[in-house]
Amino acid sequence: MHVDGFVAPGFAPVQAAFEENFAINGEVGAALAVHLDGAPVVDLWGGLAEPDTGRDWEPDTVQVVWSVTKGLVATCLAVLIDRGLLDPAQPVCRYWPEFAAAGKRAVTVAQLLSHQAGLPFLDEPITLDQVAVPDALADALAAQRPVWEPGTAHGYHAVTWGFYAGELIRRVDGRTVGAFLAEEVAGPLGVDAHIGLPATVVPRLAHLTTLAPMDPGLLDLGSDLGRAMLALPELAAPGADHDPDVLGWEVPSGLGVTNARALSRVYAMLAGGGTLDGVRLLSPATVTEVTRTVVEGRDRILGDHTAFSLGFMKPETAFFGVSRDPAAFGHPGSGGPLAFADPAAGLAFAYVTNGRSPLHTDVRALGLIEAVRGCSSR
């Protein structure tokens with residue numbers, strides 16, 4: 001397998017770890033990018049973007065990153081918070097009056113964004129036809145009654161989180177989450193990141209493949225976990241992850257399309273207190289506010305110990321064990337991709353892979369993180 005890109009002096013062990021994933025860990029196609037103190041120190045890619053045809057992974061290859069998308073959406077929300085347009089302490093219905101239905105009047109923005117609202121799925125699964133009509137989808141979201149009393153517990157809103165967050169952005173700003181991301185985050189930072197994939201980007205899209213099949217018995221479709229993960233069942237259809245007709249819709253919990261270089265720049269901006277290369281998106285105080293832990297403990301959906309800030313997953317848990325520093329934050333995605341910032345270390349890390357693993361954070365990513373930390377420790 002070819003591996004291309006660059007590593008800064010002192011980071012050769014990171015390239016060795018990246019190459020090792022192809023040699024012994026079954027890697028198919030992947031990219032890795034790392035910033036240290038705002039400067040790029042690793043930008044690697046390699047393998048196959050499309051295994052069926054043998055198409056190589058190129059410098060501008062992008063892929064669906066599943067729930068890593070949530071970190072991009074959380075950054076969009078942070079911009080609104082920074083501008084004083086969205087207050088996490090206020091009830092959601094202040095911005096979206098219809099949301100008050102079905103016992104949700106007191107649910108705050110912070111509770112919604114930290115997976116405490118009790119809305120991990122809808123009574124009737126969401127469809128792409130609904131996604132195509134934002135007002136109709138908003139009506140369905142607003143009408144849903146919580147599964148648990150909001151604020152009394154938290155549980156991972158795997159799919160619905162993005163739709164609720166996206167509608168909140170639309171109510172506050174008027175733009176969809178995809179347009180907001182393009183104009184207020186990706187554009188200023190000069191990164192290749194999309195929610196609602198433009199047709200012009202489709203030829204650069206990597207196709208996902210499965211390294212090891214998931215045991216079907218692990219996901220009971222009638223359980224809360226099954227209903228949360230399949231809240232929009234069409235996403236699980238074979239080939240949906242590279243179907244332009246699917247990826248053209250805005251599904252902000254999981255169908256973000258980007259690459260490691262873009263994700264690392266976004267997290268380098270966050271690790272730097274909201275500014276990167278002279279571009280200021282956030283104040284340091286806002287970065288601290290949106291990345292501070294809001295809730296932690298047993299997750300009612302995942303059944304594991306998780307922790308969340310205002311949209312970011314926190315690492316002080318085994319589920320997302322990317323740092324020992326509680327100030328770190330980021331998000332993993334189904335199959336292996338992940339991105340995070342560790343501000344105390346000046347570190348931004350992003351890894352994407354089209355070789356999907358059944359684990360949330362597997363040996364490939366963990367080995368890369370260990371190598372990076374070994375080269376960047378202060």
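Predicted model: local features only at pLDDT ≥ 70, side-chain atom pairs only at ≥ 80, totals over all residues.

Trainee: In which loop does A102 lie?
Mentor: Helices (H or I, at least four residues) and strands (E, at least two) are DSSP runs, numbered from the N terminus. On that numbering, A102 belongs to the loop between α2 and α3.

Trainee: Is A102 buried or exposed?
Mentor: Buried means under 20% relative accessible area, exposed over 50%, and partly exposed in between (1.4 Å probe, protein chains only). A102 has a positive phi of about 60° although it is not a glycine. Because its relative accessibility is 18%, A102 counts as buried.

Trainee: Which residues does T108 touch, apart from those up to four places away in sequence?
Mentor: T108 is found in the loop between α2 (69-82) and α3 (109-113). T108 counts as buried, because its relative accessibility is 17%. Contact means heavy atoms within 4.5 Å. With residues up to four places away set aside, T108 touches P88, A89, Q90, P91 and V92.

Trainee: What is the relative accessible area of W66?
Mentor: W66 is placed in the loop between β5 and α2. Its phi is positive, about 50°, although W66 is not a glycine. W66 is buried, because its relative accessible area is 11%.

Trainee: How far apart in space are A182 and H194, C-alpha to C-alpha?
Mentor: A182 is found in helix α7 (residues 177-189), and it counts as partly exposed because its relative accessibility is 39%. In sequence, A182 and H194 are twelve residues apart. From C-alpha to C-alpha, the distance between A182 and H194 is 6.8 Å.

Trainee: Which residue in β8 is the bridge partner of I195?
Mentor: Two strands pair if DSSP finds at least two bridges between them. An open sheet of three strands has the order β5-β8-β6, with antiparallel pairing, and its edge strands are β5 (63-64) and β6 (193-195), each pairing on one side only. Between β6 and β8 (residues 256-258) there are three bridges. The bridge partner of I195 in β8 is G256.

Trainee: Why is strand β14 described as largely enclosed by the rest of the structure?
Mentor: In a regular strand the side chains alternate between the two faces of the sheet. In β14, L338, F340 and D342 on one side and A339 and A341 on the other are all buried. Strand β14 (residues 338-342) is therefore largely enclosed, since the number of its five residues that are buried is five.

Trainee: Which residue in the turn between β13 and β14 has a positive phi?
Mentor: Four bridges join β13 (residues 329-332) to β14, and the two run antiparallel. P332 stands opposite L338. The hairpin has five residues between the strands, and the turn residue with a positive phi, about 95°, is G335.

Trainee: Which residue takes a positive phi in the hairpin of β14 and β15?
Mentor: β14 is joined to β15 (residues 347-353) by five bridges in an antiparallel arrangement, and D342 has L347 as its bridge partner. Four residues lie between the strands of this hairpin, and the residue with a positive phi near 65° is G346.

Trainee: Which element gives the most residues to the lining of the largest cavity?
Mentor: On a 1 Å grid over the protein atoms alone, a cavity is a set of points where a 1.4 Å probe fits but cannot get out, and a pocket is an open set with protein on both sides within 12 Å along at least five of seven lines; lining residues have an atom within 4 Å of a point. Grid points are joined across faces, edges and corners, and a volume is the space filled by probe spheres set on the points. The largest cavity holds about 50 Å³ of space, and its lining includes D43, L44 and W45. With three residues, the element that gives the most is β3.

Trainee: Which helix gives the most to the lining of the second largest pocket?
Mentor: The volume of the second largest pocket is about 250 Å³. Of its 16 lining residues, the closest to its centre are V131, P134, L137, T176 and E250. With five residues, the helix that gives the most is α6.

Key. Residues numbered from 1 in each chain as written. Heavy atoms only, no water.
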